[in-house]
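Reader: I would like to learn how to read a protein model, one feature at a time. Where do we start?

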Amino acid sequence: MPNRILVLYGSYRSDRLGIRLADFIVSGLKARGEDAELIDAKAVGLPMLDRMYKEYPPGSAPQPMQALADKIRAADAFVFVTGEYNWGMQPGLKNLTDHFLEEWFWRPAAIASYSAGRLAGARSGLLWHGTLSEMGMVVISSTITAGPIAQTLDAEGHPIGEAGKSLARGFPRFADDLLWWTEAAKSQRARKPPPY
Ligand SMILES: Cc1cc2nc3c(=O)[nH]c(=O)nc-3n(C[C@H](O)[C@H](O)[C@H](O)COP(=O)(O)O)c2cc1C
């Protein structure tokens with residue numbers, strides 16, 4: 001049975017490039033038979049955080065927030081695709097993530113970073129590691145990086161050049177690691193329902 005994996009991406013820029021890496025990961029997971037879905041924060045369109053999802057009385061959260069809460073709760077794993085703005089996180093993805101807390105618990109998360117430079121967003125990847133741990137996810141150790149993004153993936157998310165070859169070579173191990181933890185967490189949740 002395929003695992004349900006959400007691939008989350010959060011740039012709001014008109015000329016954004018990180019969508020290439022998000023598309024590459026969704027396609028790669030689907031090619032392995034997984035049920036992967038892109039969650040594009042810009043398309044979801046949550047406002048700047050006012051009330052968290054759990055602060056709304058049951059049944060009264062705005063529809064996009066409710067729909068996303070349902071998807072997060074139903075997911076078996078997450079991939080966070082992170083770019084880097086001034087050595088930090090992209091605010092769109094952080095804002096989406098902060099709307100939820102318990103909804104994320106008890107599942108593994110993987111980090112994929114990218115940037116216009118050779119460091120491929122490694123500094124924002126490091127920041128996300130702590131944040132996702134705080135939010136109750138088990139962060140896997142494998143990562144993938146794409147940098148410079150425009151010389152790694154074309155507009156359709158297909159690998160190009162030497163950097164693209166390197167990304168494609170690294171993907172199977174990244175996916176193997178994520179799926180191992182996904183199945184481990186899934187069977188543990190079935191054996192022993194989470195305490196909260
Ligand atoms: C406000 C801003 C700050 C940036 N800061 C960094 C940075 O600190 N490190 C880096 O490698 N690239 C940085 N860049 C370049 C981004 O890596 C590049 O624009 C990338 O494509 C951004 O992701 P996006 O296209 O998905 O929005 C920055 C870009 C912007 C717009």
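Author: With aromatic rings. Rings of Phe, Tyr and Trp, for Trp the six-membered ring, count as a pair if their centres lie within 6.5 Å. This is a predicted model, and ring pairs in it link Tyr53, Phe78, Phe80, Phe100, Trp104 and Trp128 into a cluster.

Reader: How many aromatic pairs are there by this rule?

Author: The count comes to twelve aromatic pairs.

Reader: How is one pair described?

Author: A pair of aromatic rings is described by the distance of the centres and the angle of the planes. Take Phe80 and Trp104: their centres are 5.6 Å apart, with 55 degrees between the planes, and the pair is tilted.

Reader: Where in the chain are Phe80 and Trp104?

Author: Phe80 is in strand 3, while Trp104 is in the loop between helix 4 and strand 4 (108-114). They are 24 residues apart, and the pair links distant parts of the chain.

Reader: Is Phe80 buried or exposed?

Author: A residue counts as buried under 20% relative accessible area. Phe80 has 0%, so it is buried. Trp104 is also at 0% relative accessibility and therefore counts as buried.

Reader: Which residues does Thr82 contact, leaving aside its neighbours within four places in sequence?

Author: Thr82 lies in strand 3 (residues 77-82). Its contacts include Gln90, Ile111, Ala112, Tyr114 and Trp128. Thr82 counts as buried because its relative accessibility is 0%.

Reader: What does Asn95 touch, not counting residues up to four places away?

Author: Asn95, found in helix 4 (residues 91-98), touches Leu46, Pro47, Met48 and Leu49. Asn95 and Pro47 are 48 residues apart in sequence, and their C-alpha atoms are 8.2 Å apart in space. At 11% relative accessibility, Asn95 counts as buried.

Reader: Now the whole protein. What pattern does it follow along the sequence?

Author: The protein has six helices and five strands, and they come in the pattern β-α-β-α-α-β-α-β-α-β-α. The radius of gyration is 16 Å, close to the 16 Å that the globule rule gives for 196 residues, so the protein is as compact as a globular protein of that length.

Reader: How much of the protein is made up of buried residues?

Author: Buried residues make up 48% of the 196 residues. As for contacts with a separation of 6 or more, 80% are between residues 24 or more positions apart.

Definitions and conventions
Residues numbered from 1 in each chain as written. Predicted model: local features only at pLDDT ≥ 70, side-chain atom pairs only at ≥ 80, totals over all residues. Heavy atoms only, no water. Helix = DSSP H or I, 4+ residues; strand = E, 2+ residues; numbered from the N terminus. Rg over C-alpha atoms; globule rule 2.2 N^0.38 Å. Buried < 20%, exposed > 50% of the residue type's maximum accessible area, 1.4 Å probe, protein only. Contact = heavy atoms within 4.5 Å. Phe/Tyr/Trp six-rings, centres within 6.5 Å; stacked < 30°, edge-to-face > 60°.
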